[in-house]
Amino acid sequence: WAFIPKELLPRMPSLFFNAATADKVYGVDGDIVSVTADRDRDGIIEESDGDFAYIIFGMRRGGTAYYMLDVTDRSAPKLKWRVSAAGFGQTWSRPSIARIDIDDNSLNADEAVVVIGGGYDTVHDTISAPGTADTQGAGIYFLDLQTGAILWRAGADDSADLELSTTGREMDRAIATQVQVIDLNGDGYSDRMYASDMGGQLLRFDITNGNARDTLVAGGVFA
């Protein structure tokens with residue numbers, strides 16, 4: 001089988017005719033990440049055991065959405081979810097999968113989240129002033145693994161769960177790289193994150209598992 005995101009269907013004629021062009025016609029070229037659960041650890045993914053196999057990917061130059069496919073039955077794949085939000089840049093950030101205990105009744109039973117950076121702002125295709133804020137991609141998101149719902153967000157605006165707007169330390173540059181998520185004490189829940197942005201800033205975050213969204217994460221730019 002094959003899967004083509006709906007927003008790429010209009011590009012198919014260009015790819016078919018393969019005319020000479022100065023510009024690349026992009027498809028999906030974001031990193032593809034697999035997520036599996038083998039509940040009884042028998043080495044076999046069986047839906048009857050509550051097992052699953054998912055693949056998730058961003059579109060990178062192909063667009064500004066993340067997709068998840070359910071391939072538990074590899075002969076009958078399903079589109080599980082698609083997410084694209086205001087403020088997303090091109091979806092370059094490789095997804096990180098983590099368990100985070102959020103005080104939120106809507107969170108899935110595995111407490112599994114997808115952690116992504118906001119993406120790439122195409123302003124960086126040309127030289128831009130170092131002090132200029134980006135209009136796309138300046139954020140970090142937690143998505144529910146099962147639904148794609150945005151559970152938590154960091155950004156420079158006052159609607160973010162973690163608002164980082166202090167002058168000189170604001171989250172105002174695109175985050176196109178993978179957000180590194182770490183379980184420091186080995187309890188199965190992630191409690192530290194590191195990220196870097198297109199402005200050359202490094203960011204560190206500490207997660208307090210069990211807290212509500214507004215107090216779940218602390219941190220920001222440190223260098």
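Is aspartate 206 buried, partly exposed or exposed?

Mentor: A word on the ground rules before we zoom in. This is a predicted model, where local features need pLDDT of at least 70 and side-chain atom pairs count only at pLDDT 80 or more, while totals for chains, interfaces and linings use all residues. Residues are numbered from 1 along each chain as its sequence is written, and side-chain values use heavy atoms, with hydrogens and water left out.

Now, your residue: aspartate 206 is partly exposed, at a relative accessible area of 29%. On that scale, buried means under 20% relative accessible area, exposed means over 50%, and partly exposed lies in between (1.4 Å probe, protein chains only). Its side chain meets that of arginine 204 in a salt bridge, 3.2 Å from N to O. By salt bridge I mean a side-chain nitrogen of Lys or Arg within 4 Å of a carboxyl oxygen of Asp or Glu. Arginine 204 is partly exposed too, at 33%. Bridges with shared partners tie Arg192, Arg204 and Asp206 into one network.

Arg204 also turns up among the contacts of methionine 193 (heavy atoms within 4.5 Å), leaving aside neighbours within four places in sequence. Others on that list include Phe142, Trp152, Phe205 and Val217. Met193 takes us into the largest nonpolar core, which has 24 residues. Such a core is a set of buried Ala, Val, Leu, Ile, Met, Phe, Trp, Tyr and Cys residues joined through side-chain atoms within 4.5 Å. Ile140, Phe142, Trp152, Met193, Phe205 and Val217 touch the most other members. Among the strands that each supply at least two residues of this core are strand 11 (192-196) and strand 12 (202-207); strands here are DSSP E runs of at least two residues, and helices are H or I runs of at least four, numbered from the N terminus.

Back to the charges: the structure holds 11 salt bridges. Arginine 94 and aspartate 31 make one at 3.7 Å, N to O, and that pair links distant parts of the chain, 63 residues apart. Arginine 94 is partly exposed at 32%, as is aspartate 31 at 38%.
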